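This briefing concerns a ligand and the pockets of the protein around it. Please keep the sequence and the structure in view while reading.

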Amino acid sequence: MGLSNTLFLPLAKKFIAGETLSDAIEVCRSRNSAGISGMINILGEHTSDEEKIKSYVSEYLLILKQIKKENIDSSISVKPSQLGIDLGLDYCKNNLIKLLTEASKHDNFVWVDMEDSPYTDDTISLFLDVKKEFSNMGLCVQAYLKRTEDDLNQLLSSNSQVRLCKGAYNESDDIVYKKNKTVVNNFEILIHNLFNQGNDFAIATHDDKLIDLSINLHKSTNVPFEFQMLLGVRDKKKSELISQGHKVTEYIPYGKEWLPYSIRRLNERKRNIFLLARAFIP
Ligand code: FDA
(Lines give C-alpha, C1' and ligand atoms only; values in the text may rest on other atoms or scores of the structure.)
Protein backbone atom coordinates (compact mmCIF):
# COMPACT_ATOMS: atom_id res chain seq x y z
CA MET A 1 0.00 0.00 0.00
CA GLY A 2 1.49 3.39 -1.05
CA LEU A 3 1.99 6.37 1.25
CA SER A 4 -0.98 8.23 -0.25
CA ASN A 5 -3.27 5.24 0.44
CA THR A 6 -2.15 5.01 4.06
CA LEU A 7 -2.54 8.74 4.69
CA PHE A 8 -5.54 9.72 2.60
CA LEU A 9 -7.69 6.62 2.25
CA PRO A 10 -9.31 6.78 5.73
CA LEU A 11 -10.35 10.42 5.05
CA ALA A 12 -11.22 9.85 1.40
CA LYS A 13 -13.58 6.98 2.30
CA LYS A 14 -16.13 9.49 3.52
CA PHE A 15 -16.57 10.79 -0.04
CA ILE A 16 -16.53 7.54 -2.04
CA ALA A 17 -18.80 4.49 -2.09
CA GLY A 18 -15.92 2.01 -2.27
CA GLU A 19 -13.84 0.44 -5.00
CA THR A 20 -16.42 -1.71 -6.82
CA LEU A 21 -19.71 -1.31 -8.65
CA SER A 22 -21.47 -3.45 -6.04
CA ASP A 23 -20.25 -0.98 -3.36
CA ALA A 24 -21.84 1.87 -5.37
CA ILE A 25 -25.09 -0.08 -5.87
CA GLU A 26 -25.31 -0.84 -2.14
CA VAL A 27 -24.71 2.82 -1.17
CA CYS A 28 -27.25 3.88 -3.77
CA ARG A 29 -29.82 1.41 -2.44
CA SER A 30 -29.45 2.74 1.09
CA ARG A 31 -29.64 6.39 -0.11
CA ASN A 32 -32.79 5.49 -2.11
CA SER A 33 -34.37 4.17 1.09
CA ALA A 34 -33.78 7.64 2.61
CA GLY A 35 -35.62 9.20 -0.33
CA ILE A 36 -32.43 10.30 -2.16
CA SER A 37 -31.78 9.51 -5.83
CA GLY A 38 -28.32 8.40 -6.93
CA MET A 39 -25.99 9.58 -9.68
CA ILE A 40 -23.15 7.07 -10.03
CA ASN A 41 -19.70 8.11 -11.27
CA ILE A 42 -16.58 6.03 -11.86
CA LEU A 43 -13.51 7.73 -10.38
CA GLY A 44 -10.75 8.46 -12.87
CA GLU A 45 -10.03 11.27 -15.32
CA HIS A 46 -7.67 12.69 -17.95
CA THR A 47 -6.52 9.70 -19.94
CA SER A 48 -5.53 9.17 -23.57
CA ASP A 49 -5.03 5.44 -23.06
CA GLU A 50 -7.53 3.76 -25.38
CA GLU A 51 -7.67 0.56 -23.35
CA LYS A 52 -8.51 2.52 -20.23
CA ILE A 53 -11.15 4.57 -22.06
CA LYS A 54 -12.74 1.37 -23.40
CA SER A 55 -12.86 -0.04 -19.89
CA TYR A 56 -14.58 3.12 -18.54
CA VAL A 57 -17.16 2.90 -21.34
CA SER A 58 -17.83 -0.83 -20.70
CA GLU A 59 -18.12 -0.19 -16.99
CA TYR A 60 -20.62 2.67 -17.48
CA LEU A 61 -22.67 0.38 -19.75
CA LEU A 62 -22.59 -2.23 -17.00
CA ILE A 63 -23.68 0.35 -14.40
CA LEU A 64 -26.72 1.25 -16.53
CA LYS A 65 -27.65 -2.45 -16.83
CA GLN A 66 -27.16 -3.04 -13.09
CA ILE A 67 -29.24 0.01 -12.13
CA LYS A 68 -32.10 -1.46 -14.17
CA LYS A 69 -31.58 -5.03 -12.94
CA GLU A 70 -31.36 -4.06 -9.28
CA ASN A 71 -34.24 -1.59 -9.60
CA ILE A 72 -32.14 1.29 -8.26
CA ASP A 73 -33.12 4.95 -8.63
CA SER A 74 -29.94 6.37 -10.17
CA SER A 75 -28.55 8.13 -13.22
CA ILE A 76 -24.86 8.21 -14.17
CA SER A 77 -22.44 11.14 -14.32
CA VAL A 78 -19.45 10.94 -16.66
CA LYS A 79 -16.34 13.01 -17.31
CA PRO A 80 -15.53 13.81 -20.97
CA SER A 81 -11.87 13.03 -20.26
CA GLN A 82 -12.89 9.46 -19.28
CA LEU A 83 -14.60 9.09 -22.66
CA GLY A 84 -11.55 10.18 -24.63
CA ILE A 85 -12.02 13.91 -25.28
CA ASP A 86 -8.21 14.12 -25.44
CA LEU A 87 -8.31 11.82 -28.48
CA GLY A 88 -10.70 14.08 -30.39
CA LEU A 89 -14.33 15.15 -30.29
CA ASP A 90 -15.56 12.46 -32.70
CA TYR A 91 -13.94 9.72 -30.65
CA CYS A 92 -15.49 11.07 -27.45
CA LYS A 93 -18.85 11.61 -29.17
CA ASN A 94 -18.98 7.92 -30.23
CA ASN A 95 -18.43 6.83 -26.66
CA LEU A 96 -20.97 9.25 -25.26
CA ILE A 97 -23.53 8.03 -27.81
CA LYS A 98 -22.95 4.42 -26.69
CA LEU A 99 -23.83 5.43 -23.12
CA LEU A 100 -26.83 7.52 -24.18
CA THR A 101 -28.18 4.71 -26.35
CA GLU A 102 -27.97 2.23 -23.46
CA ALA A 103 -29.43 4.80 -21.04
CA SER A 104 -32.39 5.45 -23.41
CA LYS A 105 -33.15 1.71 -23.49
CA HIS A 106 -33.59 1.80 -19.72
CA ASP A 107 -35.26 5.20 -19.54
CA ASN A 108 -32.18 6.52 -17.77
CA PHE A 109 -30.24 9.79 -17.85
CA VAL A 110 -26.59 10.74 -18.39
CA TRP A 111 -25.08 13.80 -16.69
CA VAL A 112 -21.86 15.21 -18.17
CA ASP A 113 -19.45 16.68 -15.62
CA MET A 114 -17.56 19.87 -16.46
CA GLU A 115 -13.80 19.57 -16.04
CA ASP A 116 -11.05 22.21 -16.08
CA SER A 117 -11.14 25.17 -18.46
CA PRO A 118 -9.12 23.76 -21.40
CA TYR A 119 -12.13 21.42 -21.90
CA THR A 120 -15.00 23.92 -21.55
CA ASP A 121 -15.46 24.85 -25.24
CA ASP A 122 -15.15 21.27 -26.48
CA THR A 123 -17.46 19.91 -23.77
CA ILE A 124 -20.19 22.43 -24.58
CA SER A 125 -19.96 21.89 -28.34
CA LEU A 126 -19.92 18.10 -27.88
CA PHE A 127 -22.98 18.33 -25.63
CA LEU A 128 -24.93 20.59 -28.02
CA ASP A 129 -24.04 18.38 -30.96
CA VAL A 130 -25.10 15.10 -29.29
CA LYS A 131 -28.19 16.73 -27.79
CA LYS A 132 -29.67 17.04 -31.28
CA GLU A 133 -30.20 13.26 -31.15
CA PHE A 134 -30.55 12.56 -27.42
CA SER A 135 -32.63 14.39 -24.85
CA ASN A 136 -31.71 12.14 -21.90
CA MET A 137 -28.61 14.13 -20.97
CA GLY A 138 -27.62 17.15 -18.91
CA LEU A 139 -24.47 19.25 -18.58
CA CYS A 140 -22.72 20.76 -15.57
CA VAL A 141 -21.70 24.46 -15.66
CA GLN A 142 -19.48 26.22 -13.14
CA ALA A 143 -20.39 29.52 -11.45
CA TYR A 144 -16.73 30.45 -10.83
CA LEU A 145 -16.10 30.82 -14.59
CA LYS A 146 -16.69 34.37 -15.81
CA ARG A 147 -17.94 33.03 -19.16
CA THR A 148 -20.71 30.88 -17.65
CA GLU A 149 -23.54 33.42 -17.88
CA ASP A 150 -23.13 33.41 -21.69
CA ASP A 151 -22.75 29.62 -21.80
CA LEU A 152 -25.87 29.19 -19.70
CA ASN A 153 -27.87 31.47 -22.02
CA GLN A 154 -26.75 29.40 -24.99
CA LEU A 155 -27.61 26.13 -23.23
CA LEU A 156 -31.01 27.35 -22.05
CA SER A 157 -31.93 28.72 -25.45
CA SER A 158 -31.47 25.19 -26.80
CA ASN A 159 -33.60 23.70 -24.00
CA SER A 160 -30.69 21.94 -22.31
CA GLN A 161 -30.85 20.41 -18.88
CA VAL A 162 -28.21 21.98 -16.68
CA ARG A 163 -26.49 21.31 -13.35
CA LEU A 164 -25.09 24.47 -11.75
CA CYS A 165 -22.14 24.10 -9.34
CA LYS A 166 -19.42 26.43 -8.01
CA GLY A 167 -16.48 24.76 -9.82
CA ALA A 168 -13.72 22.66 -8.32
CA TYR A 169 -10.51 23.18 -10.33
CA ASN A 170 -7.54 25.42 -9.80
CA GLU A 171 -7.90 28.12 -12.48
CA SER A 172 -6.25 31.47 -13.14
CA ASP A 173 -7.95 34.67 -11.96
CA ASP A 174 -8.37 36.13 -15.44
CA ILE A 175 -11.03 33.50 -16.20
CA VAL A 176 -12.58 32.72 -12.80
CA TYR A 177 -13.96 34.56 -9.79
CA LYS A 178 -11.51 33.55 -7.08
CA LYS A 179 -13.14 34.64 -3.83
CA ASN A 180 -16.06 32.59 -2.49
CA LYS A 181 -18.09 35.82 -2.14
CA THR A 182 -17.77 36.66 -5.84
CA VAL A 183 -18.46 33.06 -6.87
CA VAL A 184 -21.61 33.12 -4.72
CA ASN A 185 -22.66 36.46 -6.32
CA ASN A 186 -22.36 34.96 -9.77
CA PHE A 187 -24.06 31.72 -8.65
CA GLU A 188 -27.02 33.85 -7.45
CA ILE A 189 -27.28 35.61 -10.83
CA LEU A 190 -27.21 32.24 -12.58
CA ILE A 191 -29.87 30.77 -10.24
CA HIS A 192 -32.14 33.72 -11.14
CA ASN A 193 -31.52 33.05 -14.85
CA LEU A 194 -32.33 29.36 -14.37
CA PHE A 195 -35.61 30.07 -12.60
CA ASN A 196 -36.51 32.68 -15.28
CA GLN A 197 -35.67 30.61 -18.35
CA GLY A 198 -35.03 27.00 -17.33
CA ASN A 199 -36.80 23.87 -16.23
CA ASP A 200 -35.79 20.68 -14.45
CA PHE A 201 -32.29 21.97 -13.72
CA ALA A 202 -30.09 20.93 -10.80
CA ILE A 203 -28.64 23.22 -8.15
CA ALA A 204 -25.48 21.41 -7.01
CA THR A 205 -24.30 23.02 -3.79
CA HIS A 206 -24.13 22.54 -0.02
CA ASP A 207 -24.11 26.31 0.57
CA ASP A 208 -27.08 27.44 2.70
CA LYS A 209 -27.32 30.87 1.09
CA LEU A 210 -27.72 29.34 -2.39
CA ILE A 211 -30.04 26.59 -1.14
CA ASP A 212 -32.31 29.18 0.52
CA LEU A 213 -32.39 31.38 -2.58
CA SER A 214 -33.39 28.37 -4.71
CA ILE A 215 -36.16 27.42 -2.29
CA ASN A 216 -37.52 30.98 -2.30
CA LEU A 217 -37.46 31.26 -6.09
CA HIS A 218 -39.15 27.86 -6.38
CA LYS A 219 -41.89 29.10 -4.02
CA SER A 220 -42.56 32.18 -6.16
CA THR A 221 -42.21 30.56 -9.61
CA ASN A 222 -43.15 26.90 -9.09
CA VAL A 223 -40.44 25.95 -11.60
CA PRO A 224 -39.41 22.30 -11.04
CA PHE A 225 -35.76 21.69 -10.09
CA GLU A 226 -33.68 19.43 -7.86
CA PHE A 227 -30.82 19.76 -5.42
CA GLN A 228 -27.69 17.72 -6.06
CA MET A 229 -25.12 17.07 -3.37
CA LEU A 230 -22.04 14.93 -2.86
CA LEU A 231 -21.84 11.65 -0.99
CA GLY A 232 -20.42 12.29 2.47
CA VAL A 233 -21.37 15.98 2.69
CA ARG A 234 -24.25 17.56 4.73
CA ASP A 235 -26.40 14.46 5.25
CA LYS A 236 -28.66 16.26 7.75
CA LYS A 237 -29.39 18.99 5.23
CA LYS A 238 -30.30 16.37 2.61
CA SER A 239 -32.91 14.81 4.97
CA GLU A 240 -34.26 18.25 5.83
CA LEU A 241 -34.73 19.11 2.14
CA ILE A 242 -36.39 15.74 1.46
CA SER A 243 -38.80 16.30 4.33
CA GLN A 244 -39.68 19.72 2.88
CA GLY A 245 -40.65 17.96 -0.37
CA HIS A 246 -37.57 18.78 -2.48
CA LYS A 247 -35.90 16.27 -4.76
CA VAL A 248 -32.30 15.51 -3.72
CA THR A 249 -29.83 13.56 -5.85
CA GLU A 250 -26.49 12.40 -4.52
CA TYR A 251 -23.28 12.10 -6.56
CA ILE A 252 -21.94 8.62 -5.74
CA PRO A 253 -18.40 8.01 -7.00
CA TYR A 254 -16.60 4.69 -6.74
CA GLY A 255 -13.44 3.07 -8.03
CA LYS A 256 -9.77 2.70 -7.42
CA GLU A 257 -8.67 6.12 -8.75
CA TRP A 258 -10.00 8.06 -5.78
CA LEU A 259 -7.06 10.38 -5.07
CA PRO A 260 -7.67 13.47 -7.33
CA TYR A 261 -11.39 13.51 -6.49
CA SER A 262 -10.75 13.14 -2.76
CA ILE A 263 -8.13 15.89 -2.76
CA ARG A 264 -10.65 18.28 -4.35
CA ARG A 265 -13.17 17.36 -1.63
CA LEU A 266 -10.66 17.65 1.20
CA ASN A 267 -9.58 21.06 -0.10
CA GLU A 268 -13.11 22.39 0.10
CA ARG A 269 -13.25 22.70 3.84
CA LYS A 270 -10.74 23.97 6.38
CA ARG A 271 -11.78 21.29 8.86
CA ASN A 272 -10.88 18.62 6.27
CA ILE A 273 -7.41 20.14 5.91
CA PHE A 274 -7.07 20.01 9.69
CA LEU A 275 -8.04 16.31 9.68
CA LEU A 276 -5.55 15.73 6.89
CA ALA A 277 -2.76 17.49 8.78
CA ARG A 278 -3.61 15.45 11.87
CA ALA A 279 -3.17 12.26 9.83
CA PHE A 280 0.50 13.20 9.34
CA ILE A 281 1.05 13.59 13.10
CA PRO A 282 1.56 10.30 14.92
P1 FDA B 1 -18.80 25.33 -0.36
O2 FDA B 1 -17.57 24.57 -0.74
O3 FDA B 1 -18.65 26.77 0.00
O4 FDA B 1 -19.53 24.54 0.79
C5 FDA B 1 -20.64 25.04 1.49
C6 FDA B 1 -20.74 24.27 2.81
O7 FDA B 1 -20.97 22.88 2.53
C8 FDA B 1 -19.45 24.28 3.63
O9 FDA B 1 -19.42 25.39 4.49
C10 FDA B 1 -19.55 22.97 4.37
O11 FDA B 1 -20.44 23.07 5.45
C12 FDA B 1 -20.17 22.05 3.36
N13 FDA B 1 -19.16 21.37 2.52
C14 FDA B 1 -18.90 21.58 1.22
N15 FDA B 1 -17.94 20.75 0.77
C16 FDA B 1 -17.58 19.99 1.83
C17 FDA B 1 -16.66 18.93 1.98
N18 FDA B 1 -15.92 18.50 0.97
N19 FDA B 1 -16.54 18.36 3.20
C20 FDA B 1 -17.32 18.77 4.22
N21 FDA B 1 -18.23 19.77 4.13
C22 FDA B 1 -18.36 20.38 2.95
N23 FDA B 1 -17.40 20.73 -9.86
C24 FDA B 1 -16.91 20.84 -11.11
O25 FDA B 1 -15.99 21.62 -11.34
N26 FDA B 1 -17.45 20.07 -12.12
C27 FDA B 1 -18.47 19.22 -11.92
O28 FDA B 1 -18.93 18.56 -12.86
C29 FDA B 1 -19.01 19.12 -10.60
N30 FDA B 1 -20.06 18.30 -10.34
C31 FDA B 1 -20.65 18.34 -9.10
C32 FDA B 1 -21.80 17.59 -8.85
C33 FDA B 1 -22.44 17.70 -7.63
C34 FDA B 1 -23.68 16.91 -7.38
C35 FDA B 1 -21.93 18.58 -6.62
C36 FDA B 1 -22.62 18.76 -5.31
C37 FDA B 1 -20.77 19.28 -6.86
C38 FDA B 1 -20.12 19.16 -8.07
N39 FDA B 1 -18.93 19.83 -8.31
C40 FDA B 1 -18.43 19.89 -9.59
C41 FDA B 1 -18.17 20.40 -7.17
C42 FDA B 1 -18.49 21.86 -6.94
O43 FDA B 1 -17.94 22.63 -7.97
C44 FDA B 1 -17.89 22.35 -5.60
O45 FDA B 1 -16.52 22.18 -5.64
C46 FDA B 1 -18.45 21.66 -4.37
O47 FDA B 1 -19.81 21.38 -4.51
C48 FDA B 1 -18.30 22.53 -3.13
O49 FDA B 1 -18.99 23.74 -3.29
P50 FDA B 1 -20.33 24.17 -2.50
O51 FDA B 1 -21.22 24.81 -3.48
O52 FDA B 1 -20.89 23.01 -1.78
O53 FDA B 1 -19.86 25.31 -1.54
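Strand S7 contributes 3 residues to the shell around the ligand, the largest share. The model described here is predicted.

**The shell around the ligand**

- The ligand is surrounded by 26 residues, and the closest are Lys166, Gly167, Thr205, His206 and Glu268.
- Sorted by class, this shell consists of 12 nonpolar, 6 polar and 8 charged residues.

**Polar contacts and cover**

- An N or O atom in the side chain of lysine 166 lies 2.7 Å from an oxygen atom of the ligand.
- Methionine 114 takes part through its backbone, where a polar atom is 2.8 Å from a nitrogen atom of the ligand.
- Arginine 265 has a backbone N or O atom that lies 2.9 Å from a nitrogen atom of the ligand.
- On its own the ligand has 930 Å² of accessible area, and the protein covers 87% of this area.

**The largest pocket**

- Two or more residues of the shell around the ligand come from each of strand S4 (137-142), strand S5 (161-165) and strand S7 (225-230).
- The space in the largest pocket is about 1,400 Å³.
- Its lining has 41 residues, and those nearest its centre are Lys166, Gly167, Ala168, Arg265 and Glu268.
- At least two lining residues are supplied by each of S4, S5, helix H7 (180-197), S7 and helix H10 (259-267).
- Which element gives the most to the lining of the largest pocket? Helix H10 does, with 5 residues.
- By class, the lining comprises 18 nonpolar, 9 polar and 14 charged residues.

**The second largest pocket**

- The volume of the second largest pocket is about 320 Å³.
- This pocket is lined by 20 residues, of which Asp73, Ser74, Ser75, Asn108 and Phe109 are the closest to its centre.
- Strand S1 (37-42), helix H3 (50-69), strand S2 (74-78) and S7 each give at least two residues to the lining of this pocket.
- Helix H3 provides the largest share of that lining, 3 residues.
- The lining of the second largest pocket is made up of 5 nonpolar, 10 polar and 5 charged residues.

Definitions and conventions:
Residues are numbered from 1 along each chain as its sequence is written. This is a predicted model: local features need pLDDT of at least 70, side-chain atom pairs count only at pLDDT 80 or more; totals for chains, interfaces and linings use all residues. Side-chain values use heavy atoms; hydrogens and water are left out. A residue is near a molecule or strand if one of its heavy atoms lies within 4 Å of it. A polar contact is a pair of N or O atoms within 3.5 Å; within protein, one must be able to donate a hydrogen and the other to accept it, and residues adjacent in sequence count only if both atoms are side-chain atoms. Accessible areas come from the Shrake-Rupley method with a 1.4 Å probe; for residues, only the protein chains shown count as cover. Helices (H or I, at least four residues) and strands (E, at least two) are DSSP runs, numbered from the N terminus. Ala, Val, Leu, Ile, Met, Phe, Trp, Tyr, Cys and Pro count as nonpolar, Asp, Glu, Lys and Arg as charged, and the others, Gly among them, as polar. On a 1 Å grid over the protein atoms alone, a cavity is a set of points where a 1.4 Å probe fits but cannot get out, and a pocket is an open set with protein on both sides within 12 Å along at least five of seven lines; lining residues have an atom within 4 Å of a point. Grid points are joined across faces, edges and corners, and a volume is the space filled by probe spheres set on the points.
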